[in-house]
Amino acid sequence: MSIAEEGPVSGQRGLQLSKGGIAAIVVLAVAVICRSFGAQFEWLVAWPAALTVPMTDWVGTVVGGFLDVFKPIARLFSYLLAFPMTWVGGLLGGAPWPLVLGTVTALGWLIGGARMAALAFFGFGFVVISGYWLEGMNTLALVAVSVPLAALLGAGIGILAFEYPKLKGSVNVVLDVMQTMPTFAYLTPLLVLFGFGPVVGLIASAIFAAPPMARNVLLGLERVEPEIREAAVMAGGTRRQQLFLVELPAASQQIMIGFNQCLMAALSMVIIAAVIGGFEDIGWEVLLTMRKALFGPAFLAGSVIVVFAVVIDRMSAALAEPRPAQDKRVAATIFAIGAAVAVWAAVAEWNPAGFAAMDGVAEAVDQGVGQFTASYGTNLDALKNSAMFYGLLPLRIGLSDAVLPFTWGFAWTATHTFVFYAVFAAISGLMVLRGHVAGAGFVMIAAMVLEIGVAQLPWPILIGGVAALGWVASGRKLALQVTLLLGLILISGLWERALLSLYLSGAAVAACALVGGFLGFWSAMSPRAWLVIRPICDTLQTIPLFVFLIPVLMFFQIGEFSAFLAICMYAVVPMVRYTRHGLITTPDEMIEAATASGAGRWQTMLEVRAPYAAPTILLGLNQTILYAFAMLVIAALIGTTGLGQSIYLALGQADVGLGVTAGAAMAILALVADRLVQGFAEERRQALGL
Amino acid sequence: MTEQKTTAPAIEVEDLWQVFGENAQTALRDARGAGTDASTAQALKDKGLIPAVRAANFEVKSGELFVIMGLSGSGKSTLIRCISRLIEPTAGSVRIDGEDILQADEKRLIELRRHKLGMVFQHFGLFPHMTVADNVGFPLKMQGMGKAERRARALEVLDLVDLKGREDTYPRNLSGGQRQRVGIARSLAVNPDIWFLDEPFSALDPLIRRQLQDEFLNIQATLKKSIVFITHDIQEALKLADRIAIMKDGEVVQIGTPEEIVLHPVNDYVAEFSKDVPKGRHGCVENVMTQDIPENMPDDPGLKVGMTIETALAKCMSLYEPVPVHDAQGALVGAVNPSDLAAALQAEET
């Protein structure tokens, strides 16, 4: 009954404060104090330098020393790993393309019949004529070596966590860190540890790709039906027999889903790893052409990556689904044809490295983009500038600093500040009168953030605000956790950069929440809209992070706005999917009850579907936040400030201390956001009795 | 017998079909060329379509409690959803108070649901994010009624279902029986004329079920709604119904009063249902009464028209000669041989 007592206090006289109301008032008080006395007491705004700890140096020393110890082992490992890499690289790179094409098409046939065979044939056929065959095969070789590594590592972790439930908690934390730690961040220590070379990318991608495998193995094992388990026990199997002969096969479908995610993560990481210096792989090609502003080739190379991603994704996803067995003779025939053409090609010395038949296309793209930007350049600039001046910049440095005569047409004065706060005070006053104390406090705090700017936000407001959110979402424990975590960033001296990262990802997440929420809602209302939106979502989700930079660069050059767009494109998908999913999975009986009560379409949507979908939508928001942070670091390549930039710089200078600390700060931000949103989602779920 | 009102029927269902599958409408039109309903259904099945309701025809009189009874998969839930138009019937007509609701547009339908129709669901269909009072007030909110008024009306109906004082709890804090009381209260909030109940008590424990059945009868005794009630429990049907429609494989096989169903089943399927039913409780004296009155009847234990066989038998346990039966006014209308009464009771055990 306790939950019922905490419920809304509608219909009661007098002001009874909810948890949210108390939190909002406290944070608002802190904010007002900081705003009013910030000028006199500087420590209220910026953390005093005297109290800053040289965290990067410490981390650098400790991690550096640690790395020195393990360096010999790592170098040995690196040396050993170079063998399979050279073999596979030699095999794929040396094999004539007709043979590879035939093999992949035959594989496609075995997995999914004519459709998959066609996908494989045309996909790899495109790579053949793109002129990037060799680079493509080098990338595939990296994936081919790193995926077994990642899959074994992940499966091992998953089984371990399942067999020893005591380990589960800590394993989950490790997996969280592995996934939230920005990819660039662990490239730096790996670089120091393993030395320059493709092995670093390999190991980084194994680390990055292992968690999804581990999670899915664990999930699959946990979902094996108890009766199946018991049957294995009663059949007299040893624990090892139970596990390998019954439980793992029973969980195979979930494990294959993990394998699919593992593959995609490895591919994405292998391409990103090109930033440490490439060796003729496709990621390097993209990076190189992008740096030279050769958009045509960048586009073409990017397309090769997308094609690889789509073929690998669809084929491995098909493995996870129940499917009819295909005729092996057809596969054998396809393979034989490929081999025959290969032999003939070898004899005739016919172009073993594919054709560069698409150069014309690359040029056309280049020209097209050139023409487009030439003729619509002013419009594009106008779009970019208005987004910057009226959206991003005020959010970053606050209305009081961003409103300038040459952009807004007037200067922000004390009068403006007064009127601004008076209007918002009136709004929230009205809300208090109607009983929405928490909402009123929230509006007021939002107004202050807008006036001050995220990047200049006094630290007590942010830490206090986040702690308050933690307290409302889950309780004292979470509030304490997030305060400690953020405190670490504060005293490390990375605070200002963290605020910059927070601002950009915050802006992107807000945009994604609005746009994605709307698209999800629209897809839920109209199946026809979903028919269009769904394939776009599928494609966006398959494309490796890196590729998102190409189109935004083409049209908006380097800068914060381009980064913002790239982040939005990547991070919007989960919001769309989860919103739609949440809205359409309301139990039938609730919908019928609403309909029988005389609710119209919109009423059902707003009164029944939306509240019921809230926890799912929150999970979507959570995913969007994590995606945004992941992309933020990649976007450092095209011009963002903040932690992402620090991580990227550290990579260039092999500065382990800065790289790891900034990476950890980034992971902390992501982790805090994750815990907060999860907390709210859990609270909503409980409120719904789910 | 049940009171028969002379007013127009509240619900008239005429030749109603519900076929599931692709292009059901055209398929049904084509298949109806086949002649009888049975052959139409077979033709549809052959095409891979599912005729869930086949040519249903019945009326529900104003103030009547009409029970549709059938096993799971017999199409009864589909039928009630057709009548309330939660799903679109494939063919036929449903008239509520003379208005063909299958022709009603979305707006009119919402209008009807907001004022005239109420529905109770098997698994309650309560909104987990709303309090009991908000759940009950939901149909009123849809009408645009103000907050205070809604709450007042919600408390009123909650009182009716004996849930006073629980208005600010959430559904998750209630037992199954209490939840269904909320469902009943919600369906009554707009004071509907027509009341649909889709297996309202099936998800409840037997004891709670009986308690709610009794309360339901009490509520109906005061409110006198026109009711369509779905159940798979013959005991429940016999206890509540004015008339019962028995469904099998989408087809209404028999419609009749509880006595008719128990004593004169049209086929083995219906008979199978009533096999375990103590017929003495549902059959009446007139079911075994003969018009042909013997001249001399020495005993008169006071049998009357409308008396159940069980009661009648108890009154003439020790008699062997035919005894007279009088109507309510005391006039002699027939005679009953006590051995026939006993025989009627015996029948159930075979």
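Trainee: In what sense do β6(B) and β7(B) pair, and over how many bridges?
Mentor: β6(B) and β7(B) pair in the parallel sense over four bridges, where strands pair if DSSP finds at least two bridges between them, and where strands (E, at least two residues) and helices (H or I, at least four residues) are DSSP runs numbered from the N terminus. One bridge sets G118(B) against W195(B) in β7(B). On to the next pairing: five bridges join β7(B) to strand β8 (residues 226-231) of chain B, again with the strands running parallel, and here D198(B) stands opposite I230(B).

Trainee: Before I go further, what should I know about this model and its numbering?
Mentor: This is a predicted model, in which local features need pLDDT of at least 70 and side-chain atom pairs count only at pLDDT 80 or more, while totals for chains, interfaces and linings use all residues. Residues are numbered from 1 along each chain as its sequence is written, and chains are lettered from A and ligands numbered from 1 in the order in which they are written.

Trainee: What pLDDT does chain B average, and where does the value stay under 50?
Mentor: pLDDT is the predictor's confidence in each residue, from 0 to 100. Chain B averages 85, with 95% of its residues scoring at least 70, whereas residues 1-6 of chain B stay under 50 and have six contacts beyond four places in sequence; a contact requires C-beta atoms, placed from the backbone, within 7 Å. Where pLDDT is low, the predicted coordinates should not be read in detail. For the complex, the predictor gives an ipTM of 0.72 and a pTM of 0.79.

Trainee: Which residue takes a positive phi in the hairpin of β9(B) and β10(B)?
Mentor: That residue is D249(B), with a phi near 50°, in a hairpin that has two residues between its strands. Strand β9(B) (residues 243-248) and strand β10(B) (residues 251-256) pair in the antiparallel sense over five bridges, and A245(B) stands opposite I255(B).

Trainee: Which residues touch the most other members of the largest nonpolar core?
Mentor: A nonpolar core is a set of buried Ala, Val, Leu, Ile, Met, Phe, Trp, Tyr and Cys residues joined through C-beta atoms within 7 Å. In the largest core, of 306 residues, I567(A) and M631(A) touch the most other members. Helix α29 (residues 656-688) of chain A gives the most to this core, with 18 residues. Apart from it lies another core, of 13 residues, among them M289(B) and C316(B). Beyond four places in sequence, M631(A) is in contact with residues including L545(A), I567(A) and Y570(A).

Trainee: Why does V304(A) count as buried?
Mentor: V304(A), which has its place in helix α13 (residues 295-319) of chain A, counts as buried because 24 C-beta neighbours lie inside 10 Å. The C-alpha atoms of V304(A) and S130(A) are separated by 7.6 Å, although these residues are 174 residues apart along the chain.

Trainee: How many residues of chain B are in contact with chain A, and which element gives the most?
Mentor: 24 residues of chain B are in contact with 22 residues of chain A. On the side of chain B that touches chain A, the elements giving two or more residues are α4 (106-115), β6 (117-120) and α5 (132-143) of chain B, and α5(B) gives the most, with four residues.

Methods: Two residues are in contact if their C-beta atoms, placed from the backbone, lie within 7 Å. A residue is buried if 20 or more other C-beta atoms lie within 10 Å of its own, exposed if 12 or fewer, and partly exposed in between; C-beta atoms are placed from the backbone.
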